[in-house]
Amino acid sequence: MVLTGRFALLVAVGAVPLVLLGNSPAAAWGVLGAWLLLCAIAAVVDALLAASPRRLALARELPTRVRLGESVASTLYVANANGRPLRAVVRDAWQPSAGASTARQPVRVPAGERRALTLTLTPTRRGERATGQVTVRSFGPLGLAARQAVLAAPGHVRVLPPFHARKHVPSRLARLRELDGRTAVMIRGQGTEFDSLREYVRGDDVRSIDWRATARRGDAAVSIRSAQSTSGSPAAQSTSGGGAAQSTSGGGAPALAPSPKLVVRTWRPERDRRVVIVVDSSRTAAARIGDGPRLDTAIEAALLLSVIADRAGDRIDLLAFDRRVRARVHGASGADLLGREVDALAAVHPELLEMDWRAVPGQVRQLTAQRALVVLLTSLDSIGAAQGLLAVLGQLTARHTVLVASVTDPAVADAATHLDDRAAVYRAAAAERALLDTARLAEAVRRLGAHVVTGTPEELPPAVTDAYLALKQAGRL
């Protein structure tokens, strides 16, 4: 039994006799004792008349997925199997990060009927947001006391990454169509996959000339012209002597055909290549940059690159790793790829562990034995934390094309420009040192044969995709 505020007010009324009968304390205390007994009896009777919360049937209805930052409605159905009406307050025990709109909801359910309680959830974190219990406090008709019970009503919703970088998809798909030659744009340079043959035009790369095809075309032209120049051919009989070109020379030998036009090969961007994306989920991914951790920016970059690379015809593998595999997506393509990736990455959070870079080459070999583009989404702001990466980078670049992407903090660059007072000068010195460390690490990565992309949380996802498109256009995948 739970006593309410009304019961406290009712008991407080018993203090009136103490004031009025101040000259006779014995009578005053006697009246007060009787009043307290009456209040206790009223509370017990009120609690007994309340509907039993254990005779309620609960059912829940809510979507299974929602993107971070969006809202979803959770509906709880309360069915009253008591013989008396239910007047209660219901508390749905969602996690605080689920972003429930209210903690408690009043409800009135007549006997034998059902009511729906709707709760708006606006999650503030990725991953599984769950509730397992509902607390029901049923009040009596006087509101002096209540009966309370905790009932099981499990429910969960998976909060997916928001994928804000999807706004860059149309522009990158347009660039991809240009690479594929599906728009009226002439692309200079070599690809890696042969497409077709055509005649040479001014401005074509001379390295694209196919001399064998040109020679075969010349041999075919000579054979045709020789056949036409024989005396018995219809073409020779139809020539007129009044200025038409003669089919034979003065000595009777067949005249050679004019030099054939040069033939060049056309190329298209390579397809069916392997792209392995490794997301660093170690302690360095927990650093907050802007409004979110570094890991969230890495997830945005991975999703955008996956969408574009899949549309380009390449095969994508995704790995979230620190000292063990946190998420893996292998063998998916098309519409299934993005769905599996957001599901797998939804529950990935930074672990307070050092990254085991020595295991990364082995993890990549498990995903593919072919040459691939390996994209490492990690941090390049600490020399100590990057030593493991530099130690294994040579193994990766010997077999694969490697792209290292790191998010930079715009606040650091901003602090390096402010010299207003002594404290600002010290902050600027520290910021400048951090920027120099990042530049030194990027140069060390380049010397080991890898490509480096850095940018702010808003700039990094499209920058990684642009680097992929540039490598694809240059035929380096």
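Contact, in these legends, means heavy atoms within 4.5 Å. The views come from a predicted model, in which local features need pLDDT of at least 70, side-chain atom pairs count only at pLDDT 80 or more, and totals for chains, interfaces and linings use all residues. Residues are numbered from 1 along each chain as its sequence is written, and side-chain values use heavy atoms, with hydrogens and water left out.

View 1. Start with Q363, which sits in helix 9; helices (H or I, at least four residues) and strands (E, at least two) are DSSP runs, numbered from the N terminus. Is Q363 buried or exposed? Q363 is buried because its relative accessible area is 12%, where buried means under 20%, exposed over 50% and partly exposed in between (1.4 Å probe, protein chains only). Setting aside neighbours within four places in sequence, Q363 is in contact with L319, F321, V325 and R328.

**View 2. D356 in its loop.** Here you can find D356 in the loop between helix 8 and helix 9. With a relative accessible area of 16%, D356 is buried. Residues up to four places away in sequence not counted, D356 touches F321, D322 and R323. S282 is 74 residues from D356 in sequence, yet their C-alpha atoms are 8.7 Å apart in space.

View 3. Follow the strands in the order 16-15-12-17-18-19, with mixed pairing; two strands pair if DSSP finds at least two bridges between them. At the edges are strand 16 (325-329) and strand 19 (451-455), each pairing on one side only. Direction ignored, neighbouring strands are turned by 15° against each other on average. Axes are lines fitted to C-alpha atoms, for helices over the stretch in contact, and angles run from 0 to 180 degrees between N-to-C directions. Helix 8 (residues 335-346) packs on the sheet, touching strand 15 (315-321) and strand 16, and its direction makes about 170° with that of strand 16.

**View 4. Strands 17 and 18 side by side.** Strand 17 (residues 372-378) pairs with strand 18 (residues 401-407) in the parallel sense, over six bridges. Look for L373, whose bridge partner in strand 18 is T401.

**View 5. Helix 10 and what covers it.** At V392, helix 10 bends by about 40°, the angle between axes fitted to the seven residues ending there and the seven starting there. Among the buried residues of helix 10 are A386, L389 and V392. Helix 9 (360-367), strand 17, strand 18 and helix 12 (422-447) are included in what covers the buried residues of helix 10.
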